[in-house]
Amino acid sequence: MKVLFVCLGNICRSPAAEGVFRAVVSDAHKVDSAGTAGWHVGNPPYGPMQTAASARGVDLSSLRARQFSSADFDAFDLIIGMDAENISNIERLRPPGNQTELRLFTDYAPETQADHVPDPYYTRDFDGTLDLIETCAAGLARALQQG
Ligand code: 4NP
């Protein structure tokens, strides 16, 4: 399975999702992340997010931001956005006829009743965001196991 996590800047939520999800699934899965905006292309994840993830044993330091593109619809089996704005920005780039599944990350954590992953770049709640990302990642891993 090839899974792509997408947020706005690709320096907080989606690299954290990539790192957390990679830690809970086998290497057989291809896992990547991207941002709908190009502001931070080439940059490592945001320092405070790296610090919060590192405290949980998740090393994000080797990741670099890239911008989501329409080619990603063909390169991945499942694309996962963090909020409704991500979903509409992604959907706008879908090639004609492409049917790649596009979901909200929180769809995999119905028990939280969250309808998006809040952006810690604004909320500054890096640990709260990581808690939710861990719950969503566990739910996604279960969903993939069940096929
Ligand atoms: P992310 O957070 O989408 O979770 O990576 C953001 C990071 C940077 C900005 C916005 C959101 N920014 O405006 O630079």
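Me: At 27% relative accessibility, what does Arg-103 count as: buried, partly exposed or exposed?
Reply: In this predicted model, local features need pLDDT of at least 70, side-chain atom pairs count only at pLDDT 80 or more, and totals for chains, interfaces and linings use all residues. Residues are numbered from 1 along each chain as its sequence is written, and side-chain values use heavy atoms, with hydrogens and water left out. Buried means under 20% relative accessible area and exposed means over 50%, with partly exposed in between (1.4 Å probe, protein chains only). Arg-103 has 27% relative accessibility, so it counts as partly exposed.

Me: Which residue does Arg-103 meet in a salt bridge?
Reply: A salt bridge here is a side-chain nitrogen of Lys or Arg within 4 Å of a carboxyl oxygen of Asp or Glu. For Arg-103 the N to O distance is 2.9 Å, and the partner's side chain belongs to Asp-107.

Me: How many salt bridges does the rule give?
Reply: Some of them share partners, and one network formed that way joins Arg-56, Asp-127, Asp-131 and Glu-134. By the same rule, the count comes to 11 salt bridges.

Me: Asp-83 forms a salt bridge with Arg-13, so how many residues apart in sequence are the parts the pair ties together?
Reply: The closest N and O atoms of Asp-83 and Arg-13 are 3.0 Å apart, and both residues are buried. Helices (H or I, at least four residues) and strands (E, at least two) are DSSP runs, numbered from the N terminus. Asp-83 lies in the loop between strand S3 (78-81) and helix H4 (84-91), while Arg-13 is in helix H1 (residues 13-24), so the pair ties together parts that are 70 residues apart.

Me: Which Asp, with closest N and O atoms 3.3 Å apart, forms a salt bridge with Arg-13?
Reply: This partner sits in the loop between strand S4 (101-104) and helix H5 (120-123), 106 residues from Arg-13. Both ends of the pair are buried. The partner is Asp-119.

Me: Which side chain has an N or O atom 2.7 Å from an oxygen atom of the ligand?
Reply: The residues around the ligand (a heavy atom within 4 Å) include Arg-13, Trp-39, His-40 and Asp-119. Backbone atoms come in as well: a polar one of Leu-8 is 2.9 Å from a ligand oxygen, and an N or O of Cys-12 also lies 2.9 Å from one. The side chain with the 2.7 Å distance is that of His-40.

Me: How much of the ligand's accessible area does the protein cover?
Reply: Accessible areas come from the Shrake-Rupley method with a 1.4 Å probe. On its own, the ligand has 350 Å² of accessible area, and the protein covers 92%.

How values were computed. Polar contact = N/O pair within 3.5 Å; in protein donor to acceptor, adjacent residues only side chain to side chain.
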